[in-house]
Amino acid sequence: MASLDTLTPHLSKIKIPAPQQLVYKDECVYSFDNPESETGIYVSLTSFLGFGRNYVEQYFQKTGNAVFLHIHREKKPIPEPEQTGDGPEKKITRLAIGVDGGFDPDIGKPKFTFTDHYNVVVLPGFHTFPWPNETLPEVVKKSVQGVLDAESPFKIAEMEALQGTWDGEKREVSVHAVSLTQLDNGAKIPPSGWKCSQCDLTTNLWLNLTDGSILCGRRFFDGSGGNDHAVEHYRKTGYPLAVKLGTITAEGKGDVYSYAEDDMVEDPYLAEHLKHFGINVQQLQKTEKSMVELELELNRRTGEWNTLQESGTELRPLHGPALTGLNNLGNSCYINSVVQVLFRMPDFVRRYVEGAPEIFSTFPEDPANDFDVQTAKLGVGLVSGRYSFPGTEGAQQGVSAHMYRRVVARGHPEFTTKRQQDAHEFYLHLLTLVERHSRHRSNPADCLKFAVEDRIQCTESLGVRYTHRAEHHLPFPVPVAAATNATQVREYEARRAQAEASGQRLDSSQTVRPHIPFQACLDSFMKEELVEQFFSSALNKKVTARKITRLATFPDYLLIQLKKFTIKEDWTPAKLDVAVEMPWEVDLGCLRGRGRQPDETLLPEATPETPAPVYNEELLSQLLSMGFPVEACKKSLYFTNNSGIEAASNWLMEHMTDWDFANKFEPPGSQPSGATANIPVDETSVEQITSMGFTSGQAVRALRSTEGDVGRALDWIFSHADQLDAEDLPVAPVQDRTLGCRDGPEKYKLVAFISHMGTSTMVGHYVCHILHEGRWVIFNDNKVALSENPPKDLGYLYLYERL
C-alpha cells in the first residue's frame, strides 16, 4: 500500500458530493469504458467525473485533480436452470416496455453476479489505497462514501428506460368524466345483439356516454374497422365520451375515447355512467379486442416487421470497426438508426472521430453535457470497433448512448420522452445542433446541404421570380394511384374484406402492397404547382401563379425522404403500406435548375405597400386549438380566403407533409424577409454595435431587421446568437443561387436506408441498412449482421452518395 504522504498535498481539493451532485461513476465521460472494462473507471473526488484509463492521466495533467476512486466490476455468469420444456411463449398484450404484459427487454439475456472492487488512487504514480480503509483521512472517507451512495445519472437513465417509461396503454383521466352530461332520453342498452344505428356493422361499436347512441368506429388505414359513424356523431353533437362495447369488464374498466381530447382516456366513473343506460358491469365480459390489441395486430398484420428485420433468414452476426451496435434505451431505435447512418459519411468521421483528440483536449468543465464531446465520444465508440464484440443471441454488448441522448434531446418536448419518434424529425433536429456547434469550423452537415430553386411565374404578366433556400433532405411524394399492380391490390383487398367478414384474417405472407415506380415519385415532385392568391408585383393584384421546384446544387450525399406518413380524415396518424422501387443507382439530372433564362422577365421587387393579409381571428383560434402551428394556420386561411373552418382544415390536411408547412408565412409574391438586405442603415449605429465586440455584418443585419433601432438590434443579436456566426452576412451581400452549397454531378448510388415498422410514427421500430465495404449490413439496435436481402423498397429515408 502506498504512503499516506502521497495523499496529503491533495486533501484541500477533495470534495464531498452534495445530495444533488451528479456522480458519473458508471461510464467514462469521454469513452464507453465502464467498471466492467478491463481497466475499470476512475471517478475524480473533486469533480465527480468518471474517466477510463486512456483519459484519466490527461485529465490530471489538465486540472491537477489527482485523487480518484477506482472501480472495477467483476462479472460472473449464473448457470441457467435446466429446462423441462419450452413452455408457452409469452403473449404481448400491451404496447409497453418493461411492464406486465409488455415487451421484456431482458428476455434471452444471460444472468450474472457482480462484485465491485474499490481503490483510492493518486496520480501521477497511480499510488493505490484499498477501500474500505480506516487509515485514510476523514475527508477522503466521506468523499468515497458519498460517491458510492450517489445514484448516478447513467443508472437513473437506465432504470427509466427499462421500467416502462414508454407505456402505450397509460391513459389520463378525462376532464369530461367528472361532470359528464347524460340525457334522460329513456335509452336502455341490451347486454348483446348490438348494431350500429347508421349501418349494418356489428363489430367495432362505440356507446356514446351522453345520449346512449351505438355507432361504429373509425376506419383503419388498411380498410378494416368501421365507417366513422361514431366520430361523425361527435362532430354533430359535441358529446365527448364513448366506450367501446365488448371491452367493458366486471371491474368497470373499458376502452373509453374522448373525441374532445382526441385520445384514449380513463373514465373513473364508467360503471356509474353505464348504469344510467341500464348496464350492470358486473354481468359483462370482455368480448372485443381493445385498441391496444388492435394496434398490435395491425403492426404485425402488414408483415413488414419480419421483412425489414430479415427474420426469415439466418443472419450472420458481424463485429469490428464501424460495426458496433447501439443498445435500445427505451424507444431509442430512431436515434440509433440516424447516428449509424451519419457516421458512415467521411465529413462526420473527420469532425468527430479523427477530430476527437482535439475536442477532448479542451476538457470542458461539464463534458457529460457538452454536445461536441458526447458526439465525438459516440463517433469513436461506433467507428473504432473497440466496443464491438460477439455476443449472445446474435446481439453485441454494444454501447449505450445515455449521455448523448440526454444532450441531443435537451429542451425538445418530444425527444426528451421515451416515446417513439419520427427518425426524419430527429435527423433535422440533430443537423441543427451540429450547425449550431460549428461556429468558426467546418460543418460536417455541409455534405448533405443543397440549394433548392423555386421558380414562380405570374400567369397574366408572365413575369417570373426565383427564390432559393438551403435544405438537407429531398421529400418525395408517394403517388399510390401510380401503382403498377393496382389490379392485384384490389383483388387482395377484396379477399381480405371477405376473410374479415367471416371472422378470419389473412396471413401476413399473403400481403399485396402497391408497387410504386421511383419515376412516379420523381414526376410527382417535379410537376408544376398552381399557387392561388399570388400577389403579382407587375400587376399590383392577386393572381394565379405557376410554381416549379428544382435543385440549384447537388450535395455529396443526398437524403431522400419518402412521404409515407400522413394524417387520415379522422385526424389520426397513419403510414402508407407501399413498396417503392428505389434504384440502386440514379441520375437526377432532370432535377437540375437552370436559373433565369435570357428570354425571361423578372417580376419587380414587391413594394412595402403590398397589402398585409387579414386573418379571421375566430377561425385562427379554432385551428390553433386543434394543435396546428400558427404559421400553417395563417397559410390555410390565406389560401382559402377565410371561407370557413372546414375549408381551412382540409387545406391543412392536404399540405401537412409540405417541407415548409410550419415555416414563417410570407404571402406569395410579397417582399421576402431577405429583401431587408437592401435597406440602408446608419453608420453611427453600426459603430455603436461593433464597439461592443460584434462584427459589422452582424450589426448591419440586426439593424435592418429592427428598423434601425440600436436597442432592439442588440436584443435581436442576443436572441439570434446561435445563428449569427454560421450565418454572418457581409455588409454588401452578393446574390448567389448556390447559397454557398457544394455542387457536383447528379449521379448517385444508394449507400444506406432507414426503415420503419409499424402503423405510424408514434409506434413501431426503426432499423437501418448500410453498405459497408461492398456488403449490405443490417443494424437493428445492438444486432449487427450481414444482410441477405436488403428490403430497399420498404424504406423511409434513403442516403445516396455521389458517384
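Trainee: How are residues numbered, and what pLDDT do local features need?
Mentor: Residues are numbered from 1 along each chain as its sequence is written, and side-chain values use heavy atoms, with hydrogens and water left out. In this predicted model, totals for chains, interfaces and linings use all residues, side-chain atom pairs count only at pLDDT 80 or more, and local features need pLDDT of at least 70.

Trainee: How many helices and strands does the protein chain have?
Mentor: Helices (H or I, at least four residues) and strands (E, at least two) are DSSP runs, numbered from the N terminus. On that basis the secondary structure of the protein chain comes to 22 helices and 28 strands.

Trainee: What percentage of the residues of the protein chain count as buried?
Mentor: Buried means under 20% relative accessible area, exposed means over 50%, and partly exposed lies in between (1.4 Å probe, protein chains only). The protein chain has 803 residues, and the part that counts as buried is 51%.

Trainee: What share of the contacts with a separation of 6 or more joins residues 24 or more positions apart?
Mentor: Contact means heavy atoms within 4.5 Å. Among the contacts in the protein chain with a separation of 6 or more, the share from residues 24 or more positions apart is 71%.

Trainee: Is Thr362 buried, partly exposed or exposed?
Mentor: Thr362 lies in the loop between α10 (356-361) and α11. Its C-alpha atom is separated by 8.7 Å from that of Lys62, 300 residues apart along the chain. Because its relative accessibility is 48%, Thr362 counts as partly exposed.

Trainee: Are α11 and α12 parallel or oblique to each other?
Mentor: Axes are lines fitted to C-alpha atoms, for helices over the stretch in contact, and angles run from 0 to 180 degrees between N-to-C directions. Angles under 35 degrees count as roughly parallel, over 145 as roughly antiparallel, 65 to 115 as roughly perpendicular and the rest as oblique. The axes of α11 (residues 371-383) and α12 (residues 402-409) come within 9 Å and cross at roughly 140 degrees. The two helices, α11 and α12, are therefore oblique.

Trainee: Which residues of α12 meet α11?
Mentor: From α11, the residues in contact are Phe371, Gln374, Thr375, Lys377 and Leu378. On the side of α12, they are Met403, Tyr404, Val407 and Val408.

Trainee: Which residues of α12 are buried?
Mentor: Helix α12 is mostly covered, with seven of its eight residues buried. Following α12 is Gly411, whose phi is positive, near 85 degrees. The buried residues of α12 are His402, Met403, Tyr404, Arg405, Val407, Val408 and Ala409.

Trainee: Which elements do the buried residues of α17 pack against?
Mentor: Helix α17 (residues 630-639) has seven of its ten residues buried, including Cys633, Leu637 and Tyr638. The buried residues pack against β17 (529-536), β18 (541-551), α16 (617-625) and α18 (645-655).

Trainee: Which strands stand at the edges of the open sheet of five strands?
Mentor: Two strands pair if DSSP finds at least two bridges between them. The order in this open sheet is β2-β1-β3-β4-β5, with antiparallel pairing. Each edge strand has a single partner strand, so one side of each is left without a neighbour in the sheet; the edges are β2 (50-51) and β5 (127-130).

Trainee: What is the bridge partner of Val173 in β11?
Mentor: Strand β6 (residues 172-173) runs parallel to β11 (residues 263-266), and two bridges join them. The bridge partner of Val173 is Glu266.

Trainee: Which residue takes a positive phi in the hairpin of β10 and β11?
Mentor: Three bridges join β10 (residues 256-258) to β11, and the two run antiparallel. Ser258 stands opposite Asp263 in β11. Four residues lie between the strands of this hairpin, and the one with a positive phi, near 55 degrees, is Asp262.

Trainee: Which residue in the turn between β13 and β14 has a positive phi?
Mentor: Eight bridges join β13 (residues 450-458) to β14 (residues 464-471), which run antiparallel. The hairpin has five residues between its strands, and the turn residue with a positive phi, about 65 degrees, is Leu462.
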